[in-house]
Amino acid sequence: MHPSLHTLVRPLILSALGFYLAGGALAQEATIRKNLSERLANLPKIEEVSKTPMPGLWEVRLQGNDILYTDAEGNYLIQGALVDTRARRNLTEERLEKLSAVDFSTLPLKDAFVVTRGDGSRKMAVFTDPNCPYCKRFEADLQKISNVTIYNFLYPVLGKDSTEKAKNIWCAKDRAKAWEDWMQRNTPPAGASCDTAALSRNLEFGRQHHITGTPTVLFTDGSRVPGAVGAAQLEKRLSEATSKR
């Protein structure tokens with residue numbers, strides 16, 4: 001083939017191949033969606049279907065960011081972790097962390113009260129319920145962390161008493177003191193009233209970002225930790241998040 005023709009034809013062939021492969025992937029995705037939806041009536045809404053690094057295995061992301069795996073026809077469904085043994089990486093865990101990431105800059109900080117320790121140079125946000133025993137344990141570990149700014153989002157999900165305590169803490173003259181008095185010294189917050197729409201906004205934000213338990217900690221790199229973690233692990237995560245900024 002003449003060099004000039006080769007220069008013209010080769011990109012066309014590659015382009016056509018790209019369209020063919022993309023079309024094949026879309027068709028495969030449609031097949032998987034159709035078969036799973038028809039065969040499993042109670043399956044939550046399928047948000048995304050994508051290839052995995054393992055040949056023949058497809059990821060199915062459901063509403064709520066649950067992840068399942070299937071074959072190219074949707075004939076079989078697998079629940080569990082996909083692990084890359086060569087790289088020693090839990091690919092499912094990494095994927096879930098990516099899906100649950102929250103851009104720290106989008107947090108409605110006006111709906112949180114702030115506790116600052118030391119120079120406050122490191123930042124984190126905590127969604128927390130005043131009646132959550134794990135939150136109390138987490139608060140005890142937080143006392144060992146210095147040079148941090150903590151944005152506390154009251155997230156009363158454990159019933160009416162949680163909502164009442166959250167309202168009283170939010171309406172206190174010194175929210176941080178009322179919070180620490182209750183969480184560290186078991187001194188109930190005094191009755192108070194004010195605009196508590198922030199609590200409703202926190203609950204809605206949590207629903208949108210699949211915050212299903214307390215405490216849930218968000219870091220500046222977008223990562224999160226669901227549940228109470230010890231001071232050593234918290235220190236490690238804070239340092240890692242700060243280094244990525």
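Author: The expected span of a helix is 1.5 Å times one less than its number of residues. The model discussed here is a predicted one.

Reader: Which residues of α6 are buried?

Author: They are A198, L199, N202, F205 and G206.

Reader: What makes these buried residues line one face of α6?

Author: Seen down the helix axis, the buried residues of α6 fall within an arc of 120 degrees, so they line one face. The buried residues of α6 pack against β8 (122–128), β9 (148–154) and α4 (160–170).

Reader: How does the span of helix α7 compare with what is expected?

Author: Helix α7, residues 231–243, has 13 residues. From first C-alpha to last it reaches 18 Å, close to the 18 Å expected at 1.5 Å a residue.

Reader: Why are the buried residues of α7 said to be on the same side?

Author: The buried residues of α7 are A231, L234, R237, L238 and A241. They cover an arc of only 125 degrees around the axis, which puts them on the same side of the helix. On the other side of α7, A232 and S243 are exposed. The cover over the buried residues of α7 includes β8, α3, β9, β10 and β11 (224–226).

Reader: Which residues meet where α4 packs on α5?

Author: K165, I169 and W170 in α4 meet R175, A178, W179 and W182 in α5. By class, the residues of this contact are five nonpolar, no polar and two charged.

Reader: What makes α3 roughly perpendicular to α5?

Author: α3 and α5 pack at an angle of about 105 degrees, with their axes 9 Å apart. The range for roughly perpendicular runs from 65 to 115 degrees, so α3 is roughly perpendicular to α5. In this contact, C135, K136 and E139 in α3 meet W179, W182, M183 and Q184 in α5. The contact of α3 with α5 has four nonpolar, one polar and two charged residues.

Reader: Why does D181 count as buried?

Author: D181 has a relative accessibility of 14%. Buried means under 20%, so D181 counts as buried. D181 is in helix α5. Leaving aside neighbours within four places in sequence, D181 is in contact with N186 and T187.

Reader: Why is D195 called exposed?

Author: D195 has a relative accessibility of 59%, and the cut-off for exposed is over 50%, so D195 counts as exposed. D195 is in the loop between α5 and α6. The C-alpha atoms of D195 and W170 are separated by 8.9 Å, with the two residues 25 apart along the chain.

Reader: What sets the phi of N147 apart?

Author: Most residues other than glycine have a negative phi, and most peptide bonds are trans. N147 has a positive phi of about 55 degrees although it is not a glycine. R88, likewise not a glycine, has a positive phi near 55 degrees. R88 lies in the loop between β5 (83–84) and β6 (89–90). R88 is exposed, with a relative accessible area of 77%. Just after α6, H210 also takes a positive phi of about 55 degrees.

Reader: Which peptide bond is cis?

Author: The bond from T214 to P215 is cis, with omega near -5 degrees. P215 is in the loop between α6 and β10 (216–219).

Notes
Residues numbered from 1 in each chain as written. Predicted model: local features only at pLDDT ≥ 70, side-chain atom pairs only at ≥ 80, totals over all residues. Heavy atoms only, no water. Buried < 20%, exposed > 50% of the residue type's maximum accessible area, 1.4 Å probe, protein only. Helix = DSSP H or I, 4+ residues; strand = E, 2+ residues; numbered from the N terminus. Arc of directions from axis to C-beta. Contact = heavy atoms within 4.5 Å. Nonpolar A, V, L, I, M, F, W, Y, C, P; charged D, E, K, R; others polar. Axes fitted to C-alpha atoms, helices over the stretch in contact; angles between N-to-C directions. Parallel < 35°, antiparallel > 145°, perpendicular 65-115°, else oblique.
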